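Look at the sequence and structure first.

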Amino acid sequence: MGILSSSIARKVAMALSAFFLMFFLLIHVSVNLVSVFSEDAFNTASHFMGTNPLIQYAMQPILLFGVIFHFVLGFVLELKNRNARVVKYYKNNGAANSTWMSRNMIFSGLVILAFIVLHFIDFWFPEVNYKYIAHLPEDPSRYYGELVHKFENPIRVGAYVVAFIFLALHLLHGFQSAFQSMGCNNKYTKYVKSFGKWYALLIPALFIFIALFHYFSH
Amino acid sequence: MNLTLKIWRQKSPEDKGKMVEYKVTDISEHMSFLEMLDVLNEQLVEANEEPVAFDHDCREGICGMCSLYINGEAHGPDRGITTCQLHMRMFNDGDTIYIEPWRAKAFPVIKDLIVDRTALDRIQQAGGFISVNTSGNTQDADAILISKHAADEAMDAATCIGCGACVATCKNSSAMLFVGAKISQYALLPQGQIEASDRVLNMVRQMDLEGFGNCTNTGACEIECPKGISLVNIARMNREFLKASLKG
């Protein structure tokens, strides 16, 4: 894997892609939150995100790469780590020394991956089809209606809620873990950890709130 | 107290090995865990059976020889101790105790509960030292001023006894707490600066070659370490590695 041949380089790469994705989540939830307050403002924001060339042709491919990179490297690391212990313990008390979240990042990650597939089918593929395959004329007022329509289905809303609970579990370990991997463990770590807990709970909670808000208000 | 022991028995590195059940009776709560195993072994010898092989040396928590994964935890259920410092008062009459060797691909079983931990020695040999001219005119180490804070942190890192509990307890069999401690004890001191880049790059390379896993920051190693080596040392190793890699 060239530059990623060292274990620490792989850790750093995981952390950097995690920082990028955590920043993206912040942007995403901010835009979604607008939909709760104003249909027009949400349409304007979505139209901007959907048509701005910098976002469409630079940020979007980078994001796609970031998501794929984080997942692929995560799976590679998991396989390598499993291979580092061929014979398992008969009795292992992991709960005695570590959190469930930290031991099950691959599991929460797989749930998030399944969610992203669903999310792509729901929003991203239709959007790509609309703009780049069917070449339909741009309607700046279409976004809010599309969002509300998706959240009419209780099964989809339920799936979103479950996925975001797992995102919270993933972030509860991942946020502070990314700082540790980058070598940041000092007198500020206690603040990083407590900010990380707030971030890990607040961002998924807002996503859940937005989904439930549209489900119950329409 | 009377106990049921489920112990990993493996005749040789090639043997498949299995868990075998034993009973021990009249065990005093004041005994150490290894003394309890001594009682079992006397029992086995009297019955003309092969005694259980396990590592031990100083029996006072300093040599790093004893190991054992007891009831799912490295060095057993107590904190800040090695297996030889674990007392039977931590258990109750009638308990079943699982005793297994450290499990990691880099720590192959030699016999029963004894594993080969020379992978840690090879990591140390790859860079865990400073080169000093010992021709007779070596500068007195005390002549170099070191801050109290740096000296304390270096000493804390140097308390690692290389027992391998961090590897055994890590779900990924990562040796990064050990390597982090060994790098830190030099990185914090002026004498360690000259070879700092080579040290971290060579030790990490050797660690990867030995087949240890990648750290995922669960923190289990720090909890189970008998010497309380902190995760701060892994973060310092990561910084040292980044610094050395970027320097080229």
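Predicted model: local features only at pLDDT ≥ 70, side-chain atom pairs only at ≥ 80, totals over all residues.

## The largest cavity

The lining of the largest cavity is made up of 12 nonpolar, 2 polar and 1 charged residues. Residues are numbered from 1 along each chain as its sequence is written, chains are lettered from A and ligands numbered from 1 in the order in which they are written, and side-chain values use heavy atoms, with hydrogens and water left out.

How many cavities of 30 Å³ or more does the structure hold? There are 3. The largest cavity has about 120 Å³ of space. Of its 15 lining residues, B:Cys160, B:Gly162, B:Cys163, B:Cys166 and B:Cys225 are the closest to the centre. Two elements of chain B give two or more residues to this lining: helix H4 (165-169) and helix H5 (176-187). The largest share, 3 residues, comes from H5(B).

Some terms need cut-offs. On a 1 Å grid over the protein atoms alone, a cavity is a set of points where a 1.4 Å probe fits but cannot get out; a pocket is an open set with protein on both sides within 12 Å along at least five of seven lines; lining residues have an atom within 4 Å of a point. Points are joined across faces, edges and corners, and a volume is the space filled by probe spheres set on them. Helices (H or I, at least four residues) and strands (E, at least two) are DSSP runs, numbered from the N terminus.

## The second largest cavity

The second largest cavity has about 100 Å³ of space. It is lined by 14 residues, and B:Cys170, B:Ser174, B:Cys215, B:Thr218 and B:Cys221 lie nearest its centre. Here the elements that give two or more residues are H5 and helix H7 (220-224) of chain B. The lining divides into 8 nonpolar, 6 polar and no charged residues.

## The second largest pocket

About 420 Å³ of space lies in the second largest pocket. Its lining has 22 residues; A:Arg85, A:Asn92, A:Arg103, B:Lys171 and B:Asn172 are the closest to the centre. Helix H3 (residues 53-83) of chain A gives the largest share, 3 residues. By class, 5 lining residues are nonpolar, 11 polar and 6 charged.

## A helix pair in chain B

Helix H6 (residues 196-209) and helix H8 (residues 232-247) of chain B have axes that come within 9 Å and cross at roughly 110°. Therefore H6(B) is roughly perpendicular to H8(B), a label for angles of 65 to 115 degrees. Axes are lines fitted to C-alpha atoms, for helices over the stretch in contact, and angles run from 0 to 180 degrees between N-to-C directions.

From H6(B), the contact (heavy atoms within 4.5 Å) uses B:Ala196, B:Ser197, B:Val200, B:Leu201 and B:Val204; from H8(B), it uses B:Met237, B:Glu240, B:Phe241, B:Ala244, B:Ser245 and B:Lys247. These residues divide into 7 nonpolar, 2 polar and 2 charged.

## Chain A in outline

Chain A has 8 helices and 0 strands. Its C-alpha trace spans about 60 × 40 × 35 Å along the principal axes. Of its 218 residues, 43% count as buried. Buried means under 20% relative accessible area, exposed over 50%, and partly exposed in between (1.4 Å probe, protein chains only). Among contacts in chain A with a separation of 6 or more, 80% join residues 24 or more positions apart.

B:Trp8 sits in strand E1 (residues 3-9) of chain B. Is B:Trp8 buried or exposed? B:Trp8 is buried, at a relative accessible area of 6%. Beyond residues up to four places away in sequence, B:Trp8 touches several others, including A:Tyr90, B:Lys16, B:Met19, B:Arg103 and B:Asp112.

B:Asp112 has a positive phi of about 45° although it is not a glycine. B:Asp112 lies in the loop between strand E6 (109-111) and strand E7 (114-115) of chain B. Its relative accessibility is 2%, so B:Asp112 counts as buried. B:Arg59, also not a glycine, has a positive phi of about 60°. B:Arg59 is in the loop between helix H1 (33-46) and strand E3 (69-70) of chain B. B:Arg59 is partly exposed, with a relative accessible area of 27%.

Key: Nonpolar A, V, L, I, M, F, W, Y, C, P; charged D, E, K, R; others polar. Parallel < 35°, antiparallel > 145°, perpendicular 65-115°, else oblique.
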